[in-house]
Amino acid sequence: MAYAATVTVDRKGGEIRVTISETEAASTSEASIDLGVQKFRVHRQICQLTAGSGSTVDPILGNATAPSGANIILENDTAASTCDNAITGGVTGYSSTGTLYHRSQVDSATDNTVVSVYHITVGW
């Protein structure tokens with residue numbers, strides 16, 4: 001099998017919940033999120049390795065593919081099997097296209113199943 005990601009964006013008013021379910025995830029596997037807004041705040045990032053040969057995830061969210069440098073919106077600090085980052089007041093983000101890019105960054109293998117959730121509000 002090949003890498004697959006199912007991305008669900010639920011929106012109610014200015015509140016958005018993004019759920020990403022990945023299978024066959026590897027260190028460079030990337031899911032794109034059609035957020036539909038340019039300016040937003042990320043309040044929480046949850047990423048859990050639920051199955052596979054890997055032992056940790058180290059999620060990163062950006063506004064460009066293979067996010068690095070100024071393209072990073074939110075990056076986890078310490079890899080773990082479950083990462084849960086809550087940011088008081090949220091961290092601002094911008095995407096000119098309304099699309100974001102998520103990498104779970106599993107530490108090893110390509111047979112991993114990962115579930116990630118983002119809580120986002122529209123605007124700054």
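Author: Start with a cut-off. Buried means under 20% relative accessible area, exposed means over 50%, and partly exposed lies in between. Keep in mind that this is a predicted model.

Reader: Why is T8 called partly exposed?

Author: T8 has 35% relative accessibility.

Reader: Where does T8 lie, and what is T8 in contact with?

Author: T8 lies in strand β1, residues 4–12. Setting aside neighbours within four places in sequence, T8 contacts R17, V18 and T19. Contact here means heavy atoms within 4.5 Å.

Reader: What makes up the secondary structure of the protein chain?

Author: Nine strands and zero helices. Along the sequence the pattern reads β-β-β-β-β-β-β-β-β.

Reader: How do you know that the chain is as compact as a globular protein of that length?

Author: Its radius of gyration is 13 Å. The globule rule gives 14 Å for 124 residues. The two values are close, so the chain is as compact as a globular protein of that length. Along the principal axes, the C-alpha atoms fill a box of roughly 40 × 25 × 25 Å. Buried residues account for 36% of the 124.

Reader: What makes a set of residues a nonpolar core?

Author: The members are buried Ala, Val, Leu, Ile, Met, Phe, Trp, Tyr and Cys residues, joined through side-chain atoms within 4.5 Å. The largest such core has 15 residues. V18, L35, F40, V42, L61 and I120 have the most contacts inside it. At least two core residues come from each of β2 (15–25), β3 (31–34), β4 (39–51), β6 (72–75) and β9 (112–122). The largest share, three residues, is from β2.

Reader: Which residues does I120 touch?

Author: Not counting residues up to four places away in sequence, I120 touches G14, E15, I16, V18, L35, F40, R41, V42 and H43. There is also a second, separate core of seven residues, including A25, C47, L49 and V57.

Reader: What about the surface and the charges?

Author: The accessible surface is about 6000 Å², and 47% of that belongs to carbon and sulfur atoms. The chain carries 7 positive and 12 negative charges, and their mean positions are 14 Å apart.

How values were computed:
Residues are numbered from 1 along each chain as its sequence is written. This is a predicted model: local features need pLDDT of at least 70, side-chain atom pairs count only at pLDDT 80 or more; totals for chains, interfaces and linings use all residues. Side-chain values use heavy atoms; hydrogens and water are left out. Helices (H or I, at least four residues) and strands (E, at least two) are DSSP runs, numbered from the N terminus. The radius of gyration is taken over C-alpha atoms; the globule rule is 2.2 Å times the number of residues to the power 0.38. Buried means under 20% relative accessible area, exposed over 50%, partly exposed in between (1.4 Å probe, protein chains only). Accessible areas come from the Shrake-Rupley method with a 1.4 Å probe; for residues, only the protein chains shown count as cover. Lys and Arg count as positive and Asp and Glu as negative; His and the chain ends are not counted. The place of a charge is taken as NZ of Lys, CZ of Arg, CG of Asp or CD of Glu.
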